[in-house]
Amino acid sequence: MPSLLSNRLTRRILRPAAALVDKRIQRSASGLRTDLETLRREAKELREQQTELRNQQYAVGLLFDRTGRSGHRVPSPAEINGLVREIAAVSGEDGGLARRNVTIAFRNVIALESLAVGRLAGSTSNILGKLSTVPLLKPPNENVLEIGTLHGLFAATLMRMLHRAGVEAELTIVDPLVGSQLQPGAGMGAEPTGTPVREDVVRANLALGGRAGAEARVQQGFSGDPKVRSAVSDRKYGVIIVDGDHSAEGVASDLEWVEEIVAPGGIVVLDDFGDRSWPGVQEAAEKHLASGTSRLELLGRVSTSAFLRARA
Ligand SMILES: C[S@@+](CC[C@H](N)C(=O)[O-])C[C@H]1O[C@@H](n2cnc3c(N)ncnc32)[C@H](O)[C@@H]1O
């Protein structure tokens, strides 16, 4: 039997319908082509955006990562919230003030460490804790002593934090500054910055601390040396940062000296208290405070620093 389609009449009858089907197929084929082109264009744009974001992230990483310093500078929200709680508890101030100080301290750390010769020592949390808490404890006078400065950058940053709280400090620093960090009994690894621990470096960094930094008195030598002690025991200090010899004997000796030179109501910051790398700090401090003869009382701890106040 001849096929229906071979019949001319049938073909003529079906032609409009076939044309319609053809048109529909063409239209959906071209629609598919357009969809595909759109998808390709969007995929290309996404790839470009991803590359740009990766490059941006890399550049931000260069500003905040651990290369050339003691650790990364990327605190998590949980770390900052924890710091705020600890600072508020130690200082008795409200959380809003503590958070403002931590935020401003963080900006200063990033700005100054970016410009510095050398680095700040310690974890970001510990550095921020010290910088934020000291001004909130309202030191009784403007005299500040730092025992152990390394590159002088913490002292410079603290000068800025005190200045913004209205205190233009008179800074004294004691450090042997013999070219590298000294820690009796502890094997010090290579300095991550490659920068020497020298007075010219300390001076370059102190210049970032405003007038108080630029005019700082730098006493080269060991805090246990009687000549060094006598050279800087000419005043009572409102703030003393103890961050030199971290052995139990070294901290005990520094605390004995601190008792003599701290002003009534003065603040003493014991760095690396509770830090497992430096067990001698907590050991010596607890022994000293338990002696019953100390003028110092423990206010509390922020990160790995203990804050003490001298009784009036
Ligand atoms: C941990 S670093 C100080 C870090 C600095 N305070 C900071 O926050 O960036 C310790 C410094 O104390 C110095 N040092 C060691 N023994 C000392 C002593 N008996 N007296 C004074 N400084 C000492 C070290 O050479 C080093 O420069």
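This text walks through the structure from its overall form to single residues.

The model is predicted, so local features are given where pLDDT is at least 70 and side-chain atom pairs where it is 80 or more, while totals for chains, interfaces and linings use all residues. Residue numbers start from 1 along each chain as its sequence is written.

Start with the whole chain. The protein chain has ten helices and seven strands. Its radius of gyration is 33 Å, well over the 20 Å that the globule rule gives for 312 residues, so the chain is more spread out than a compact globule. That radius is taken over C-alpha atoms, and the globule rule is 2.2 Å times the number of residues to the power 0.38. Along the principal axes, the C-alpha trace spans about 125 × 40 × 35 Å. Helices (H or I, at least four residues) and strands (E, at least two) are DSSP runs, numbered from the N terminus.

Next comes burial. A residue is buried if 20 or more other C-beta atoms lie within 10 Å of its own, exposed if 12 or fewer, and partly exposed in between, with C-beta atoms placed from the backbone. Buried residues make up 37% of the 312 residues. Among contacts between residues at least 6 apart in sequence, 75% join residues at least 24 apart.

Now turn to helix α1. It covers residues 8–64, which is 57 residues. From its first C-alpha to its last it reaches 81 Å, close to the 84 Å expected at 1.5 Å a residue. The expected span is 1.5 Å times one less than the number of residues. Of the 57 residues of α1, the number buried is zero, so the helix lies largely in the open. It also bends. A kink of about 45 degrees lies at Arg15, shortly before the proline Pro16. The bend at a residue is the angle between axes fitted to the seven residues ending there and the seven starting there.

After α2 comes Gly92, with a positive phi near 75 degrees.

What lies around the ligand? There are 23 residues around it, and Ala121, Gly148, Phe154, Ser223 and Gly244 come nearest. A residue is near a molecule or strand if its C-beta atom, placed from the backbone, lies within 6 Å of it. Strand β1 (143–147), helix α5 (153–164) and strand β2 (170–175) each supply at least two residues of this shell. The shell divides into eleven nonpolar, eight polar and four charged residues. Ala, Val, Leu, Ile, Met, Phe, Trp, Tyr, Cys and Pro count as nonpolar, Asp, Glu, Lys and Arg as charged, and the others, Gly among them, as polar.

Strand β2 holds Thr172. Thr172 is buried, with 23 other C-beta atoms within 10 Å. Beyond residues up to four places away in sequence, Thr172 touches Leu145, Arg217, Gln219 and Val232. Thr172 and Ala121 are 51 residues apart in sequence and 18 Å apart in space, C-alpha to C-alpha.

Val262 sits in strand β5. It counts as buried, with 26 C-beta neighbours inside 10 Å. Not counting residues up to four places away, Val262 touches Lys236, Tyr237, Ile240, Val268 and Ala310. Leu53 is 209 residues from Val262 in sequence and 52 Å from it in space, C-alpha to C-alpha.

Two loop residues deserve a look. Asp272 lies in the loop between β5 (262–271) and α10. Its phi is positive, about 65 degrees, although it is not a glycine. Asp272 counts as buried, with 24 C-beta neighbours inside 10 Å. Ser303 lies in the loop between β6 and β7. It is not a glycine, yet its phi is positive, about 50 degrees. Ser303 counts as buried, with 24 C-beta neighbours inside 10 Å.

End at helix α10 (residues 279–290), where Gly280 is found. With 19 C-beta neighbours inside 10 Å, Gly280 counts as partly exposed. Leaving aside neighbours within four places in sequence, Gly280 is in contact with His246, Ser247, Ala248 and Val251. Gly280 and Arg15 are 265 residues apart in sequence and 99 Å apart in space, C-alpha to C-alpha.

Notes
Contact = placed C-beta atoms within 7 Å.
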